[in-house]
Structure formats: structure tokens, C-alpha cells
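Subject: Structure for you to look at

Hi,

As promised, I am passing the structure on to you, with my notes below it. Have a look at it first, then read on.

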Amino acid sequence: MTKLLQWLFGVSLLGALWALVTFDLLDLSLPQTYREVAWPMPFYLLISFGCYSLATVGYRVATFNDCEEAAKELQEQIKEAKEDLRRKDTAEFSSCAGRRSLVECSATFEEICSLF
Amino acid sequence: MASRKTSRPNRDSGDKYSVLLPTYNERENLPLIVWLLVKYFGESGFNYEIIVIDDGSPDGTLEVAEQLQKVYGEDKILLRPRAKKLGLGTAYIHGMKHASGNFIIIMDADLSHHPKFIPEFIQKQKEGDYDLVSGTRYRGNGGVYGWDLRRKLIRSLLAEVLYFFIFFLLFFFSPPLPPLVHSRGANFLAQVLLRPGASDLTGSFRLYKKKVLESLVEQCVSKGYVFQMEMIVRARQLNYTIGEVPISFVDRVYGESKLGGNEIVSYAKGLLMLFATT
């Protein structure tokens, strides 16, 4: 069963139940108060779901993890990586265009671009 | 490098992990991500290879990749370039063709996904023999760096509950909404409507069993933004097991992945398509 059918099934089940009580379809001669409570129920449900959502949203946004440390750690590792790559680079081959190291390639590229 | 191959605790398991790195103009980031991958795989001792799928980057990413290949060896860095920018799904298919690992790890090459989580992914996978392990920004210690309040509100999972509420209110009041709220809200709408059993639908830091990824990619028709979501929704539909690992997502390039009007429309189409077919 696709999600669409599941939803249609669920909604129509609830809808039928609601209609049953509100319009007294089976002639169960329910007390008038039942019908008065049932009639605006979908609207109440909607509003309470909305309030629940807003509260949860507020909470989750306020407590959303900012990961400052992850960013710092990454910055440090980038520095470390650049140094290490520079070392490896010069050790193993004379690199990019025969004179630049791996991490400086981008600079070379920008220089070339700026010529045009 | 290759000199420390002996007596690693995780070498003997017979498992091999192929990291697929689709790149486009990642000249500066590629050496760094590769360095980090080598570091963390080296420390944990798992058998691995890195497959760079460059889509004809004009900035010369491929040249950089070739140099990295010289540094780290052709058995560790594999190059599978393509002539021009094609879809993500085809990039995975293309990369997988030559992957020798029985597990595939996909991640972004822009350093927003940190390789330090890969050993955790692998551990998680082994724990429950999961078919796929997805990184999540919305659970446990997961999170995002570089988003302001507005962005957090829009991007965080439950902000999209707000959208769901607004979605209903639209029928009563029809207030005007910024498009980004719509687009990100649609993401949560997906959570509510599809119930995929994963908290981060659009994340792209994941580990798959190779044959699982193969069968998923075959069935997924979406492009761009919806693709990751379709992968995980279809995975659930096919009764694959999903594990989740909290990840920190460091958004260094602020303002990345802005969604235009066209993307929102295609997103909505993708969502409805998944809603009706899964």
C-alpha cells in the first residue's frame, strides 16, 4: 500500500467516524452534547497540532547544536593538512606546472585567470 | 602511506570501503578531504579506496586529483572523470562500476562532511548489519555549524513542522511566505507524509552495502535535491535496514544550496511522486 493510500484510508476512517457522530448516521440517538462536541473536533485537532508543532519548533531551534568545536577542529586540521601536503608534495615531485606545490595550485590558477 | 599495512586490527575483516567523491570545482578542498580520509582510515585500519568522479571542473580539480594519486598511490586514489556535469545518480553508477569495495561511502567533497565520522558509520553498520547507515544532523550530538537562527529555523527538521501547520492554515488565511520556508518546509512535509524512518532525509553522508546502493540507484529517478530523499525512502520501501549516526555539518561556504523557484517546484513534484508511489 502506498503512503497515499495509507493516508486516504486513515483520513476517511476518521472522517467516517466523525460524520457518524456528528450527523448521527446510524440513528443511535446519541445525546445532543456528543454532537455538539464532535462537530468542531477537526478544527480543534488542527489547532492543537499546530500549537504542539510551534512549541516543538521553538524548543528544537533553541537547542539546535551549533558545532563550534567541529568547525574549530576542522580549521586546525586544514592547517595541519596543508603543511603535511606541502611536505609530501615537495618530497615526491616538483608538482603543479613544475614549480608550485599542491596546495598552491589554486593560487596559480587565479594568477593565470587574472592575466586575461 | 603504504608502509604500515601490517597488523592492523580491522584489516582482516575482508571488508573494503569505497569512498565516492563526486567533485565539481573542488580544487582547494580535494587535497584536504583526501588527506583527512587517509588519516582516519589509516588510524582505524579499515581497507579503503577513494574514487574521485570529477565532472569536467574548469578549475582543474582533475589535475589536483592526479597529483594526489601520485602522493597516495593508484590503489588508494582512483580517478573516474566525466566530460561534463551530469546527475548525481549517474555519478554513483559511474563510480561504482570500478569500485572494488563491498561497501560504498558517499559524501560531499566540500569538507562539510568530516571523515572522522566514517569509523562510526562502519561501527554502526557492523552493530546491526544495516543495509545503509545515514548521517543525521538532527539527532544526538549531530548539528550544523554556520547557520544563523533564520537558517536554522528553516533548515532544522522541526521547523518544518511549522510548515506543516502553515500548510493547513493556508487553506484558511493564505498568508504570503518566503520561498525558502516553503522549500524547507516541504522537507518536513516529506517526514510527516512519508514516514521514512530516518531523521535526515536530504543529507548525503551515507554508507551503503554495495549491492544495496546498486539496486537503489537503479530505481531512483529524481535529480538534485530530491535524489537523496528518494534513496532513503525507497530503501525503507524495499525493507532495507537503516542505521543513523549523528554528524556535525560544517557549512563553511555560507549560503550554499540556495533553492530557486524551479527547484521548489521539482521538489514538490518529487515529494508527490514519492507519496503516490512508495
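Let me begin with the charges over rings. B:Lys85 lies over the face of B:Tyr24, 4.4 Å from the ring centre; a charge sits over a ring here if NZ of Lys or CZ of Arg is within 6 Å of the ring centre and within 35 degrees of the ring normal. The ring of B:Phe249 has the charged end of B:Arg137 over it, at 5.3 Å from the centre.

Some ground rules before the rest. This is a predicted model, in which local features need pLDDT of at least 70 and side-chain atom pairs count only at pLDDT 80 or more, while totals for chains, interfaces and linings use all residues. Residues are numbered from 1 along each chain as its sequence is written, chains are lettered from A and ligands numbered from 1 in the order in which they are written, and side-chain values use heavy atoms, with hydrogens and water left out.

Next, the aromatic rings. A pair of them is described by the distance of the centres and the angle of the planes. Rings of Phe, Tyr and Trp (its six-membered ring) pair if their centres lie within 6.5 Å, and planes under 30 degrees apart count as stacked, over 60 as edge-to-face and the rest as tilted. Over all chains, the structure holds six aromatic pairs. A:Trp18 and A:Phe23 make an edge-to-face pair, because their ring centres are 5.9 Å apart and their planes stand at 85°. A:Trp18 counts as partly exposed at 27% relative accessibility, and A:Phe23 is partly exposed too, at 48%. (Buried means under 20% relative accessible area, exposed over 50%, and partly exposed in between, with a 1.4 Å probe and protein chains only.) B:Phe41 and B:Tyr48 form a stacked pair, 4.5 Å centre to centre with 10° between the planes, and both residues are buried. One aromatic cluster is formed by B:Tyr17, B:Phe46 and B:Phe103.

Helix α1 of chain B covers residues 29-44, and its 16 residues reach 23 Å from first C-alpha to last, close to the 22 Å expected at 1.5 Å a residue; the expected span is 1.5 Å times one less than the number of residues. α1(B) is mostly covered, with 13 of its 16 residues buried. After α1(B) comes B:Gly45, with a positive phi near 80°.

For α2(B), the 12 residues should span 16 Å at 1.5 Å a residue, and the end C-alpha atoms are 16 Å apart, which agrees. Its buried residues include B:Val64, B:Leu68 and B:Tyr72. B:Glu63, also found in helix α2 of chain B, is partly exposed, with a relative accessible area of 43%. From B:Glu63 to B:Arg27 there are 36 residues in sequence and 8.5 Å in space, C-alpha to C-alpha. The residue that follows α2(B) is B:Gly73, whose phi is positive, near 100°.

Lastly, the loop between β2 (47-54) and α2 (61-72) of chain B holds B:Pro58, which counts as exposed at 54% relative accessibility. B:Pro58 and B:Lys84 are 26 residues apart in sequence and 9.7 Å apart in space, C-alpha to C-alpha.

Best wishes

Methods
Helix = DSSP H or I, 4+ residues; strand = E, 2+ residues; numbered from the N terminus.
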